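Hi everyone, thanks for making time. I'd like to walk you through one model today, so please have a look at it while I talk.

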2 protein chains.
Amino acid sequence: MGVEIERKFLLFGDAWRSLGEPVLLRQGYLSSTRERVVRVRIEGEQAVLTIKGASVGATRGEWEYPIPLTDAAELLDGLCEQPLIEKYRRRITHAGMVWEVDEFLGANAGLVVAEIELESEDQAFDKPEWVGEEVSDDARYFNANLIRHPYSRW
Amino acid sequence: MGVEIERKFLLFGDAWRSLGEPVLLRQGYLSSTRERVVRVRIEGEQAVLTIKGASVGATRGEWEYPIPLTDAAELLDGLCEQPLIEKYRRRITHAGMVWEVDEFLGANAGLVVAEIELESEDQAFDKPEWVGEEVSDDARYFNANLIRHPYSRW
């Protein structure tokens, strides 16, 4: 088991757009309950199956397995909860840390969030000027919830 | 994607007991809905993550991935729906076909079923004399349902 410690923020302005190359992510869920998430994701030519446990604060258990791209496409289109989540991800390095900026498409178009993965919950980090309000604990922004209640309907 | 075509039967008598070596299986579910099943299973020293789609007749889509034994133990004990399913499986060859005879433990003790995997839904096969009534379509016998409503409470 790995442990994922992540914090999530909204963004200011458009400066982030030119700071990283967008890569298309398609992801869907085989389970998206509070207790356990099973996610299928295609990023470029790579596919991965990820299992996550319940969040305790900003921390949750995580298990990841690469799977064949064709399997992932079958699972996304034939088996995952619909609609899928599609987003452009930019990886932006700032002050030695990597920020993942996700620009959502489809029913969640207009939503952009930035995530940073930490080694410990109290790890200090420098916030870029284009990073705004923290929404780590706001369940509306959980990817699994963006399927059932997309941003366009907030 | 593989396709799983399986038929399931109850057993007569005890003759099957001496026909195969029992191997302990521990399995649990990360999802166990009608639409999609995500199963973690440890069999001996092997562990596998299996995804299954909805059944259409005796047929369902199936995707399988070997995972590390330690991951499987973490997932079974920490993340899967409880209680787990534990059973002894015997593989018994009869008339050129392999029958899997599952003898359940714990809350499902007393239940024994035999399954045969086919190449097509109409494939002919010879039933051993210790194989009885077919229960392929009886949802009570689905492993996922044996968690929520175990045999001891029927």
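Predicted model: local features only at pLDDT ≥ 70, side-chain atom pairs only at ≥ 80, totals over all residues.

Let's start in the loop between strand 6 and strand 7 (97-104) of chain B, where B:Ala95 is found. B:Ala95 is not a glycine, yet its phi is positive, at about 50 degrees. Is B:Ala95 buried or exposed? B:Ala95 is exposed, with 9 other C-beta atoms within 10 Å. For the cut-offs: buried takes 20 or more other C-beta atoms within 10 Å of a residue's own, exposed 12 or fewer, and partly exposed lies in between, with C-beta atoms placed from the backbone.

Over in chain A, A:Ala95 sits in the loop between strand 6 and strand 7. Its phi is near 50 degrees, again positive in a residue other than glycine, and A:Ala95 is exposed, with 9 other C-beta atoms within 10 Å.

Residues are numbered from 1 along each chain as its sequence is written, and chains are lettered from A and ligands numbered from 1 in the order in which they are written.

And the confidence? pLDDT is the predictor's confidence in each residue, from 0 to 100. For chain A the mean is 93, and 99% of the residues reach 70 or more. The model's scores are ipTM 0.85 and pTM 0.88.

Now for a peptide bond to look up. Going from A:Gln82 to A:Pro83, the bond is cis, with omega near 0 degrees; A:Pro83 lies in the loop between helix 1 and strand 6 (85-94) of chain A. In chain B, a cis peptide bond joins B:Gln82 and B:Pro83.

Next, helix 1 of chain A. Which of its residues are buried? They are A:Ala72, A:Leu75 and A:Leu76. The buried residues pack against strand 2, strand 3 and strand 4 of chain A, together with strand 4 (46-52) and strand 5 (59-66) of chain B.

Strand 3 of chain A is mostly covered, with seven of its eight residues buried. It pairs with strand 2 in the antiparallel sense over seven bridges, and with strand 4, also antiparallel, over eight bridges. Pairing takes at least two DSSP bridges between the strands.

Finally, the chains together: 16 residues of chain A are in contact with 16 residues of chain B, where contact means C-beta atoms, placed from the backbone, within 7 Å. The largest share of chain A's side, four residues, comes from helix 1 of chain A.

Thanks, and I'm happy to take questions!

How values were computed:
Contact = placed C-beta atoms within 7 Å. Helix = DSSP H or I, 4+ residues; strand = E, 2+ residues; numbered from the N terminus.
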